[in-house]
Each structure stands twice: as C-alpha cells, then as structure tokens.
Amino acid sequence: MINKLIQNIQKTNAPIVVGLDPMLNYIPPHIQKRAFAEFGETLEGAAEAIWQYNKEIVDAVYDLIPAVKPQIAMYEQFGIEGLKAFQKTVNYCKEKNLVVIGDIKRGDIGSTSEAYAVGHLGKVQVGSKRYSCFDEDFVTVNPYLGSDGIKPFVDVCKEEKKGLFILVKTSNQSSGEFQDRLIDGKPLYEHVGEKVAKWGEDCMGDSYSYIGAVVGATYPKMGEILRKIMPKSFILVPGYGAQGGKAEDLKPYFNEDGLGAIINSSRGIIAAYKQEAYKHFGETAFADASRQAVLDMIADINQAIGR
Ligand SMILES: O=C(O)c1cc(=O)[nH]c(=O)n1[C@@H]1O[C@H](COP(=O)(O)O)[C@@H](O)[C@H]1O
C-alpha cells in the first residue's frame, strides 16, 4: 500500500491528504434538513447527513488528491450509525482509488492490539470464513505501550500489504508534556522515532517502509530532526491550516527525492466554505469551496517545498 500511496502522490503531484472529520456543525443546513426529513433528528439522521456531506466532498476532490484520512471519533460519537457512515466513507473512497488512512489512534497490550489490527486492517475469522471489516489501507497507532503493542499491527500489515502511521511528535499544544521529556539526554520523541525506523526496517515497499510516523506541522524543528532519524519512513504531517502549521516550514519533512511526507488538512478543506476566502461559494456549493481549498493547498505546499 505504501507503493500505491507514492504512485498516487506522483500521479496527482499533491503530497497532501484530506481529513474527513465531519462535525455536524460543519455540515451545511440543507444537507442536515434533508437527512432529518428522512430519518428525524436521530443518530441515523446525523449519520446520513455525515455520509451525504462526505460523498459530495469526495466527489469534488478525489481526482486532485492521493489519500483521505477519516477520523473515527467524528463518526463513533454517533454510535453504531456513525460507524456505518465511517464504513461507507472508507468503501466509497477506495472505489475512487484513494488511499484511506483510518485515523483510529489505537494501541494496547498485544492480544488487544491484535484485535484492533484484525478489525481495521486484516480479516477476522468466523468459523471457516474470514471477513474484512473496516478494511482501511493504513491506520494511526499510539506507541505508548511499547513494542508488543505495535507488533500485532506490523504483523497484519505484512500479511495484508497495508501500513501504519505511528504517533511520534503530535501537533497539539501539550504534546511536549511527555513527548519532549529527556531520557538519557534525548527527548522521548527521538527515542520513539528511532523505534519507528527500526520497526520499519524489514517492512520495505519499493523505496519507503510501510511503517510510517506522525509528526505535527506545528513543530518543524523537530520534524527536521525526525526526518533524519527515520529516513525510510513516510511522515504523516497534521496541523497545517486550522492548527497554524505553515507551508514554508514543511520542506524539512521531505527527503531529497521530494517524497517522504504527506500533509493533512481536515477543517481547512471540508469546512472551507465557512472561511472568509471561500465564503463567496455559499453553503450549497460547499464542495466547490473544498475543491478550491485543495487546489490552493497543493499550490501552497508545492511552492514551499520547491516541487
Ligand atoms: O494522527 C493524526 O492524524 C493527528 C495527529 C496529531 O498530532 N495532530 C492531529 O491533529 N491529528 C489529526 O489530524 C486532524 C487535524 O485536523 P485539522 O486541524 O482540522 O486539520 C485531526 O483529525 C486530528 O485528530
């Protein structure tokens, strides 16, 4: 799957990923009204609104981008109905040839991680049959439990030719509370970066490992260091746009081959129609606003990294 991600990036010339994080208050009123008219103000109604919103955005941008990143909490908050919308979104994006990064941020003791890995990347055994469930291409994983919590994910990736993005240095304000703590003279995120590089060594695609890392756009100096610590790992970079990450800071996240990083924007794309620059599209043309925001993001990043 890492090879497909790279092919898609090269085909679109767009090292970006659109985050599908559909909060109800981003969904234009006409879509909510239609969904509520059919299902009432219910969890089903909310899930239908999410699905219709996502579908229209994906239809408007899929030809411009290599990948999407649905964030599962935004669906899970609506219970089973929300998870059905998550599943429908994953399936639809795959039909559109997009690489799907399930942002699930899981990680537990080995046996439990195995169940997460099977449910999201692998196949679950039922009697003599095996079923794919959520079936994303990559998932995000939290490494706090250490190697035995990561190994089941890596094993399923090897079997299924899928991949991981492991949290190394997150984009949020408090990420330094633990991640920047010095251990043996080195910050914790560097120790985790070294582990990611190690875990990825025997998981190579054609040019990059399918064991990648997450490093926030909001900490570019650390991004530069981590790029060198994990030369073969793809870096998923959230925090551009809504969280203040700037394109001009992102060059160090890339390798000399112009690859190695993929920049995420969620609210900045899916709720573009609410921003001053795109307000003229209006609520009903929200997906056109998202398309324009994607075009602007690609130009912004390519210019900054000299692509
Ligand atoms: O793993 C992630 O994707 C992630 C890691 C991180 O360090 N920071 C971060 O913002 N994210 C996710 O990236 C997305 C950022 O959304 P926007 O700030 O709206 O672009 C959300 O889905 C976050 O959950």
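1. K105 is partly exposed, because 16 other C-beta atoms lie within 10 Å; by the convention used here, a residue is buried if 20 or more other C-beta atoms lie within 10 Å of its own, exposed if 12 or fewer, and partly exposed in between, with C-beta atoms placed from the backbone. The residue is found in strand β3, and its phi is near 45 degrees, a positive value in a residue other than glycine. Helices (H or I, at least four residues) and strands (E, at least two) are DSSP runs, numbered from the N terminus.

2. A word on the basis of this note: the model is predicted, so that local features need pLDDT of at least 70 and side-chain atom pairs count only at pLDDT 80 or more, while totals for chains, interfaces and linings use all residues. Residues are numbered from 1 along each chain as its sequence is written.

3. D184 also has a positive phi, near 50 degrees, in a residue other than glycine. The residue sits in the loop between β8 (182–183) and β9 (186–187), and D184 counts as exposed because it has 6 C-beta neighbours inside 10 Å.

4. Strand β6 (residues 138–141) deserves a look in the structure above. F138 and T140 point one way from this strand, V139 and V141 point the other way, and all are buried. In a regular strand the side chains alternate between the two faces of the sheet.

5. Strand β3 (residues 99–106) runs parallel to β6 and is joined to it by 3 bridges, with G102 opposite V139. Strand β7 (residues 163–169) is likewise parallel to β6, through 4 bridges, and there the bridge partner of V139 is L164.

6. Together with helix α7 (residues 147–160), β6 and β7 make a right-handed β-α-β unit, meaning that, with the strands pointing away from the viewer, the path from the first strand over the helix to the second runs clockwise.

7. The ligand is surrounded by 20 residues, the closest being T170, S171, P238, S266 and R267; a residue is near a molecule if its C-beta atom, placed from the backbone, lies within 6 Å of it. Both β12 (261–265) and α11 (267–270) supply at least two residues of this shell.

8. UniProt, in an unreviewed entry, lists residues 15–281 as "domain: Orotidine 5'-phosphate decarboxylase". Over residues 15–281 the chain is 40% helix and 21% strand, with the end C-alpha atoms 25 Å apart.

Terms used
Pairing = 2+ DSSP bridges. UniProt positions renumbered as here; feature names shortened; annotations may be inferred.
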